[in-house]
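Please look through the structure shown below with its side chains displayed. The paragraphs that follow go from ring pairs to nonpolar cores and then to backbone geometry.

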Amino acid sequence: MAGRINDDDVKAVRDAVPIDAVVSEYLQLRNAGGGNLKGLCPFHDEKSPSFQVSPSKGLFHCFGCQEGGDTIAFVRKIDHLSFSEAVERLAATAGITLRYEEGGYNPSHQRGERIRLVEAHKAAAQFYIEQLGSPEAEIGRAFLAERGFDQAAAAHFGVGYSPAGWDHLTRYLRGKGFSDKELLTSGLAQESRRNPIDRFRGRLMWPIRDVSGEVVGFGARKLRDDDQGPKYLNTPETPIYKKSQVLYGIDLAKKDIAKASRAVVVEGYTDVMACHLAGVTTAIATCGTAFGGDHIKILRRLLMDNGSARVIFTFDGDAAGQKAALRAFEDDQKFAAETYIAIAPDNMDPCDLRLAKGDEAVADLVQPRTPLFEFAIRQIVRRYDLETPAGRAAALDEAAPIVARIKNVASQHEVAVQLAGILGILDTQFVVKRVAQLARWARDRGGKGPAPAHHRQQQYESAAPRGAVAGPALNLRSPAHRTERELLKLALQHPHLVSPAFDAYGADEFTAPPYAAVRQCIQEAGGATDAPSDYLPAVMDCAPNDVVRALVTELAVEAIHARTVDEAYVGEQLVAVRRRAVDRRLLDIQGTLARLGQNGDPAQLAAVQNELWVLQQYGQALRNKGAAAL
């Protein structure tokens with residue numbers, strides 16, 4: 001086993017790879033003000049962006065699900081990696097060679113599983129590309145040419161060829177240092193009676209990449225009649241490939257999808273190629289599975305769900321294509337984007353359409369045509385005899401619940417009116433009321449609401465460090481809590497401005513247990529005075545658990561309320577927190593004096609009265625002199 005990665009190298013990786021560049025590989029980021037960026041969180045479903053990235057601090061935080069951390073934490077979470085695997089992946093991106101504490105430089109066979117599997121796929125993709133030029137692959141080149149794809153198109157999409165022999169790729173990858181276990185786990189090889197053999201043989205190969213551009217699987221097209229396998233054979237489920245979570249072409253389309261707020265969903269690899277070559281560079285496709293919820297999550301993060309976003313499905317007009325469209329409509333409400341369906345003349349797919357009528361016809365096909373809900377309703381209604389009252393009633397019973405699922409009330413009403421027209425029901429209001437009634441029933445039976453507001457507070461209290469003050473529940477409407485929060489944000493984001501005064505503040509000056517816990521972390525990390533370059537990671541390392549760690553990243557990313565952050569503003573927050581702490585202590589002392597009364601121990605009474613006088617003078621100085629009295 002390789003040892004722990006050298007701390008200096010970990011720091012070098014954090015510094016070398018900008019967090020916004022990494023996050024942008026997975027979701028669209030927009031300006032959030034104050035130097036921060038925002039987007040739709042990749043870790044939970046949301047309609048409005050609560051996920052923020054601070055490039056200057058190298059941190060991210062979601063104000064919805066509370067996930068947060070640095071670049072390494074983001075890569076770990078989004079790609080399900082260990083700490084060392086995430087560091088190794090980022091190091092490879094930055095060209096940094098890592099050192100290990102117990103064994104020097106890391107041998108390739110000791111690297112994390114995911115990284116090894118990705119490297120195996122990268123090597124396989126290059127091998128297949130080289131094989132496409134071989135004499136044996138003439139059948140593959142002819143297949144591409146017949147569909148209008150030349151050598152440049154094949155190179156652009158990384159199309160390759162798998163030799164027809166039993167173990168050409170397996171032997172090649174063994175020579176690259178990959179073990180049989182790695183080849184079997186990757187799905188590139190499969191078991192045989194003696195040794196592993198190639199999974200893909202004698203086929204045209206399309207590399208399937210994830211959002212970040214790494215090859216994680218392959219789609220293989222049958223070319224010969226004697227091939228007894230399916231027409232398309234995809235990589236099986238592996239640690240790095242989940243067919244429900246990948247979209248073919250997303251690596252090439254993601255920037256244009258984000259820029260144009262439009263995505264085109266087609267059915268196959270050649271359709272994606274045809275669309276891109278025709279100028280429709282927002283085209284993507286699923287990989288051997290129906291378009292579903294996980295695919296929607298990928299697109300929503302790129303589209304940002306703004307009002308002008310559009311998703312266009314280009315399904316075939318046959319029964320299978322209609323069924324696919326209805327399945328897509330079942331998830332339609334997960335989009336804030338408008339969804340449409342486009343079916344080419346004569347039920348041609350984009351690849352055939354490009355061959356028959358050229359690039360312009362493909363570009364025209366994906367201009368929004370029929371709204372998906374309208375298509376879905378018509379597919380339902382056409383199964384009934386609308387010439388009879390019973391047929392119209394039955395069609396309404398099946399179609400009305402579909403319309404009732406439309407969340408936008410105005411759109412729901414408009415579609416209900418359209419449904420009445422499609423069914424030929426003259427009493428439009430009857431249909432509208434029926435849909436509204438079904439929608440109301442659905443809301444009444446809806447899922448559980450959000451967790452109680454006090455739930456996270458209880459998590460913070462259990463996470464508070466030993467000895468921290470037991471204060472009231474966190475309430476951001478409380479002026480005291482708002483000021484304490486602002487001071488902690490300043491201490492994390494501008495330590496040079498709050499020091500050295502801040503380091504004299506105790507955890508008991510923060511009345512909310514979450515804030516007392518963060519104050520304790522700063523203290524254990526060495527304080528704000530002369531904060532080193534790794535100050536924020538050090539504070540996070542001192543957090544007793546993930547709850548407090550999440551709050552640290554939240555405060556480190558959240559915008560400061562003031563437009564100008566200077567010594568005067570910092571002084572105001574320092575004074576406000578200290579004054580409230582003094583006022584609380586004054587109340588405690590006055591209570592002690594009341595309990596002692598006139599018959600108490602004279603020495604003790606004198607000491608308490610002296611403390612009362614000192615605090616009163618200090619409180620007066622804070623009111624009169626402000627930060628100068630600290």
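**Rings, cores and backbone**

The count of aromatic pairs comes to 18, where rings of Phe, Tyr and Trp (its six-membered ring) pair if their centres lie within 6.5 Å, and where planes under 30 degrees apart count as stacked, over 60 as edge-to-face and the rest as tilted. One of these pairs joins Phe 502 and Phe 510 in an edge-to-face arrangement, at 6.4 Å centre to centre and with 65° between the planes. Phe 502 has 0% relative accessibility and counts as buried, and Phe 510 is buried with a relative accessible area of 0%; here buried means under 20% relative accessible area, exposed over 50% and partly exposed in between, with a 1.4 Å probe and protein chains only.

The model is predicted, and local features need pLDDT of at least 70, side-chain atom pairs count only at pLDDT 80 or more, while totals for chains, interfaces and linings use all residues. Residues are numbered from 1 along each chain as its sequence is written, and side-chain values use heavy atoms, with hydrogens and water left out.

One aromatic cluster is formed by Tyr 26, Phe 43, Phe 51, Phe 60 and Phe 74. Within contact distance (heavy atoms within 4.5 Å), and not counting residues up to four places away in sequence, Phe 74 touches Val 22, Val 23, Tyr 26, Leu 27, Pro 42, Phe 43, Phe 51 and Phe 60. Lys 77 lies over the face of Phe 43, at 5.7 Å from the ring centre, and Arg 147 lies over the face of Phe 143, at 3.6 Å from the ring centre; the rule asks for NZ of Lys or CZ of Arg within 6 Å of the ring centre and within 35 degrees of the ring normal.

A nonpolar core is a set of buried Ala, Val, Leu, Ile, Met, Phe, Trp, Tyr and Cys residues joined through side-chain atoms within 4.5 Å. The largest such core has 49 residues, of which Phe 51, Phe 74, Ile 250, Ile 257 and Leu 299 touch the most other members. Helix α12 (residues 293–303) gives the most to this core, with 5 residues, helices being DSSP runs (H or I, at least four residues), as are strands (E, at least two), numbered from the N terminus. A second, separate core of 44 residues includes Leu 144, Ala 153, Tyr 269 and Ile 312.

Turning to the backbone, the peptide bond from Ser 499 to Pro 500 is cis, with omega near 5°, and Pro 500 is placed in the loop between α22 (495–498) and α23 (513–524). Ser 261, in the loop between α10 (250–260) and β14 (262–266), has a positive phi near 55° although the residue is other than glycine, and Ser 261 is buried at a relative accessible area of 7%.
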